[in-house]
Amino acid sequence: MNRISVRVDGTTYEDEVEPRLLLVHYLRERLGLTATTIGCDTGNCGACTVDLDGVSVKSCSVLAVQADDGEVTTVEGLAQDGEWHPLQRSFHEDHALQCGFCTPGMIMAARDLLRRNPDPGPAEIRRALKGNLCRCTGYQNIVKAVLAAAARQDAGAEPAASGGAA
Ligand code: FES
Ligand code: FES
């Protein structure tokens, strides 16, 4: 067992974990943060995307011990003071989801893009989200939602408590 200390969505956790424990299993099973989903467990679908120390990662491809001394932001940490993140609002308003299974990972990957480029075009959005698969929507409304979030001009502005590099 390894002892880790990791800050997740603004809260610091100290835990003993097996060296082989995946970050996504740590988040879901140990911390109960089940909004981060598992679609494949093989690094293909992007459903498990979270932010680790300012970098977007597929948490089924990262070990919990690799997050030791790190800061993780999940989709559950995006809303602040009861206010949705601009991407959450846009996904809701633009009907960018059906079953919602891919949505946490989509939003986290889109957030990563908007921090790097607050004003991306549709082609760049599609490129940035190519590692995130959706079985339901056909992607059109997802791209529309990311464009709408960018147009809100505040998509990249997040309170410091949400973690990650700006
Ligand atoms: S569950 Fe991680 S990429 Fe599919
Ligand atoms: S909304 Fe169902 S998988 Fe994307």
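In strand β5, the residue that forms the bridge partner of Asp51 is Thr73. The model is a predicted one, in which local features need pLDDT of at least 70 and side-chain atom pairs count only at pLDDT 80 or more, whereas totals for chains, interfaces and linings use all residues. Residues are numbered from 1 along each chain as its sequence is written, chains are lettered from A and ligands numbered from 1 in the order in which they are written, and side-chain values use heavy atoms, with hydrogens and water left out.

The pairing of Asp51 with Thr73 belongs to an antiparallel arrangement in which β3 is joined to strand β5 (residues 71-73) by 2 bridges. Here strands (E, at least two residues) and helices (H or I, at least four) are DSSP runs numbered from the N terminus, and two strands are taken to pair if DSSP finds at least two bridges between them. Strand β3 also pairs with strand β4 (residues 55-58), again in the antiparallel sense, over 4 bridges. Within this pairing, Val50 has Val57 of β4 as its bridge partner, and Leu52 stands opposite Val55. The hairpin of β3 and β4 has 2 residues between the strands, and Asp53 takes a positive phi near 50 degrees in it.

Accessibility is classed by relative accessible area, with buried meaning under 20%, exposed over 50% and partly exposed in between (1.4 Å probe, protein chains only). Leu52, which lies in strand β3, has a relative accessibility of 11% and therefore counts as buried. The C-alpha atoms of Leu52 and Gly70 are 6.9 Å apart in space, although 18 residues separate the two in sequence.

A further antiparallel pair is formed by strand β1 (residues 2-8) and strand β2 (residues 11-17), which are joined by 7 bridges. In this pair Ser5 stands opposite Glu14 of β2. The hairpin of β1 and β2 has 2 residues between the strands, and Asp9 adopts a positive phi near 50 degrees there.

Several loop residues can be described in turn. Thr34 lies in the loop between α1 and β3 and is partly exposed, its relative accessible area being 46%; its C-alpha atom is separated by 9.1 Å from that of Val24, 10 residues apart along the chain. Gly43 is found in the loop between α1 (23-30) and β3 (49-52) and is partly exposed at a relative accessible area of 22%. Gly43 and Cys60 are 17 residues apart in sequence, with a C-alpha to C-alpha distance of 6.4 Å. Asp69, in the loop between β4 and β5, has a positive phi of about 65 degrees although it is not a glycine, and this residue is exposed, with a relative accessible area of 68%. His95, located in the loop between α2 (86-93) and α3, likewise has a positive phi in a residue other than glycine, near 55 degrees, and at 58% relative accessibility His95 counts as exposed.

Helix α3 (residues 103-116) contains 14 residues and reaches 20 Å from its first C-alpha to its last, close to the 20 Å expected at 1.5 Å a residue, where the expected span is 1.5 Å times one less than the number of residues. Of the 14 residues of α3, 13 are buried, so the helix is largely enclosed by the rest of the structure.

The largest pocket holds about 160 Å³ of space. A pocket is defined on a 1 Å grid over the protein atoms alone as an open set of points where a 1.4 Å probe fits, with protein on both sides within 12 Å along at least five of seven lines, and lining residues have an atom within 4 Å of a point. Grid points are joined across faces, edges and corners, and the volume is the space filled by probe spheres set on the points. The lining consists of Gly39, Cys45, Ala47, Cys99, Phe101, Cys102, Leu133, Cys134, Arg135 and Cys136, which divide into 8 nonpolar, 1 polar and 1 charged. In this scheme Ala, Val, Leu, Ile, Met, Phe, Trp, Tyr, Cys and Pro count as nonpolar, Asp, Glu, Lys and Arg as charged, and the others, Gly among them, as polar. Because domain 1 (2-77) and domain 2 (86-156) both give residues to this lining, the largest pocket lies between them, the domain bounds coming from an automatic or database domain assignment.
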